[in-house]
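Subject: Handing over a structure

Dear colleague,

I am passing the structure below on to you, and after it you will find an account of what was found in it. Please read the account with the sequence and the model side by side.

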Amino acid sequence: MRALSLILSLAVLQTATLSVRAAETSDYRLKYDTAVVDKIDTLIRQSWEDNEVSPSQAADDITWLRRVYLDTVGHIPPLNVVEEFVKNKDANKYQQAVDTMLDGDSYVNNWTTIWTNLLIGRQTPDRTSREGMQKFLREAFAKDRPWDDVVYDILTAEGHFEENGAVNYLLSQMTMRDEGVQATAKTTRLFLGTQVQCTQCHNHPFNDWQQSQFWEFNSFFRAARRIDHDKIDPNTGQEVDDYSELTTNDFSGPVFFEKRSGLMQVAYPKYFGKDVEFDNGKSRQKVLADAIVSDDNHQMARAMVNRMWGHFFGYGFTRPVDDMGPHNPASHPILLEHLTESFVASDYNMKMLVRWITSSEAYRLSSEFNPKNEMDNPAAGEMPLFSHMYIKSMEAEQLFDSLMVASNASGMNQANYAQSMRQRNEWLQQFVTTFGTDENDESTTFNGSIPQALMMMNGELVDTAVKCDPGTLLHKVVSADEKDSKKVQLLYLAALGRNPSGRDLAAVKKLMQISGNPIMAYQDLYWALLNSNEFIFVR
């Protein structure tokens with residue numbers, strides 16, 4: 001019967017300038033948000049006119065809510081939130097929804113996950129504390145710390161890998177003796193949006209970046225040292241891992257590197273070719289961090305703005321988002337600079353940046369093309385114009401957390417949080433692909449493999465969601481005193497963030513007639529919805 005429901009249901013679904021620290025009043029924030037958002041809208045509209053495209057119509061409320069929930073807190077909205085949002089007639093309900101998300105634990109958990117993955121990867125490197133890294137990030141996002149302060153702490157951290165979780169970033173880049181090569185490449189990509197790794201062995205082929213630039217950056221990391229401590233297991237008497245720590249030794253000499261011609265060259269610490277000052281015995285990592293946060297060019301802010309825009313829209317102003325430079329000009333340079341300056345003026349306030357992006361006209365557009373914007377197709381290699389929303393596939397973490405919400409609209413109980421996180425980490429490994437590069441790049445993809453398909457169709461998460469046991473969302477819907485059409489509508493809203501079409505309702509009616517068992521029919525329907533392609537897309 002489940003196979004029949006899948007065929008019927010999926011066939012239908014296939015058709016488908018002051019510091020914020022010094023001025024934190026709501027009035028100021030509203031004015032500041034409005035000024036920045038208006039400028040975003042003006043510049044984006046100008047790009048539409050210049051390229052002779054017309055934007056798609058605005059997305060409906062439910063689609064927008066599902067999108068902003070997935071992008072901001074990492075999971076679909078609970079059914080009760082969807083229902084309340086649809087009933088809300090306040091013109092400011094969009095900003096209110098975003099503010100509610102930004103003030104909740106899910107925002108902190110989502111961005112802790114995102115940045116833990118970026119900093120140390122989904123598969124935790126040896127002698128690295130994932131819990132320590134998460135603790136540092138969770139505190140940073142919970143306190144809404146300025147991004148420049150967070151980056152400074154990450155780059156200058158020393159000590160025990162759990163007592164000072166920030167050290168795990170550099171520890172994760174020091175799993176082999178590579179003289180700071182991984183740390184150099186990863187740091188410039190993550191925090192400066194610049195890929196210098198291609199100049200490790202030769203000059204850049206498309207601009208004037210020299211091989212020496214890589215080694216000038218690399219010089220900042222030569223003093224960092226990891227120390228791994230072992231202990232004796234009382235049960236076996238053998239040495240086992242205990243903890244690791246990050247320290248700084250006295251490294252004052254220059255770095256030598258070999259050119260392709262075979263000649264040896266010397267490199268001293270420089271920040272994008274500029275000399276830096278060493279004084280008061282300051283470590284090289286602190287000198288680099290000082291140079292980054294005091295950079296008049298604000299490259300760190302620019303890199304973060306580009307990365308965040310890419311997170312919410314699927315494409316940044318450059319592709320990839322971490323390869324900015326003269327060889328890869330931004331699609332909207334004036335807008336990128338405006339947002340960079342605004343981000344700096346906001347005191348690197350991450351929540352403010354989220355508000356600006358999600359309040360923009362472009363972010364509220366439908367993902368459907370119209371005849372006047374079919375050329376706006378970055379997937380085909382075109383420059384993104386943001387005249388419609390680009391469809392994204394859920395990340396593996398988003399899928400797990402969305403299935404948790406789909407199982408129970410009230411969310412996870414704090415009492416089983418640790419257990420759920422362990423289950424989540426085990427589940428994620430089915431989707432992680434690690435590439436053998438110097439940066440240990442990872443990807444999570446839904447590539448249609450048999451294990452992934454079986455895990456979705458028969459796995460514990462989906463099975464729990466469709467059991468119809470007391471406490472589950474399905475039980476709540478099915479046992480409600482509502483007509484069948486209303487119950488079907490609620491399941492579509494909960495899973496897909498849309499109302500069922502007339503064709504959907506007709507197919508479900510036929511399914512129930514064939515089943516003869518209403519409870520089983522609802523289980524089969526919900527199972528089909530959760531296993532549909534439409535469920536895993538952010539549109």
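**Aromatic rings**

One aromatic cluster is formed by W111, W309, F312, F313, Y315, F317, Y363, F386 and Y390; here rings of Phe, Tyr and Trp (for Trp, the six-membered ring) pair if their centres lie within 6.5 Å, and their planes count as stacked when under 30 degrees apart, as edge-to-face when over 60, and as tilted otherwise. By this rule there are 22 aromatic pairs.

Before going further, please note that this is a predicted model, in which local features need pLDDT of at least 70 and side-chain atom pairs count only at pLDDT 80 or more, while totals for chains, interfaces and linings use all residues. Residues are numbered from 1 along each chain as its sequence is written, and side-chain values use heavy atoms, with hydrogens and water left out.

Among the pairs is that of F217 and Y271, which is edge-to-face, with 6.1 Å from centre to centre and 75° between the planes. This pair links distant parts of the chain, since F217 belongs to helix α11 (residues 211-218) and Y271 to strand β6 (residues 270-271), 54 residues apart; helices (H or I, at least four residues) and strands (E, at least two) are DSSP runs, numbered from the N terminus. F217 also forms an edge-to-face pair with F272, at 5.2 Å centre to centre and 85° between the planes, and here the partner F272 sits in the loop between β6 and β7 (274-275), 55 residues away from F217. F217 and Y271 are both buried, where buried means under 20% relative accessible area, exposed means over 50%, and partly exposed means in between (1.4 Å probe, protein chains only). With a relative accessible area of 2%, F217 is buried, whereas F272, at 27% relative accessibility, counts as partly exposed.

**Helices that pack together**

Helix α21 (residues 484-496) packs with helix α23 (residues 518-530) at an angle of about 25°, their axes being 10 Å apart; axes are lines fitted to C-alpha atoms, for helices over the stretch in contact, and angles run from 0 to 180 degrees between N-to-C directions. The two helices α21 and α23 are therefore roughly parallel to each other, given that angles under 35 degrees count as roughly parallel, over 145 as roughly antiparallel, 65 to 115 as roughly perpendicular and the rest as oblique. On the α21 side, the residues that make the contact include K487, V488 and L491, and on the α23 side they include Y522, L525 and L529, contact meaning heavy atoms within 4.5 Å. By class, this contact of α21 with α23 has 11 nonpolar, no polar and 2 charged residues, where Ala, Val, Leu, Ile, Met, Phe, Trp, Tyr, Cys and Pro count as nonpolar, Asp, Glu, Lys and Arg as charged, and the others, Gly among them, as polar.

Helix α5 (residues 93-102) and helix α15 (residues 350-359) pack at an angle of about 150°, with axes 11 Å apart, and α5 and α15 are therefore roughly antiparallel. Q95, V98, D99 and L102 of α5 meet K351, V354, R355, T358 and S359 of α15, and the residues of this contact divide into 3 nonpolar, 3 polar and 3 charged.

D401 has its place in helix α16 (residues 396-407) and, at 15% relative accessibility, counts as buried; leaving aside neighbours within four places in sequence, D401 is in contact with G74, H75 and R424. Helix α12 (residues 284-293) is mostly covered, with 7 of its 10 residues buried.

Most residues other than glycine have a negative phi, and most peptide bonds are trans. A cis peptide bond joins R319 and P320, with omega about -5°, and P320 is found in the loop between α13 (299-313) and α14 (333-345). D144, in the loop between α7 (130-142) and α8 (147-156), has a positive phi near 55°, and D144 counts as partly exposed at 24% relative accessibility. H298, found in the loop between α12 and α13, also has a positive phi, near 55°, and is partly exposed with a relative accessible area of 25%.

With best regards
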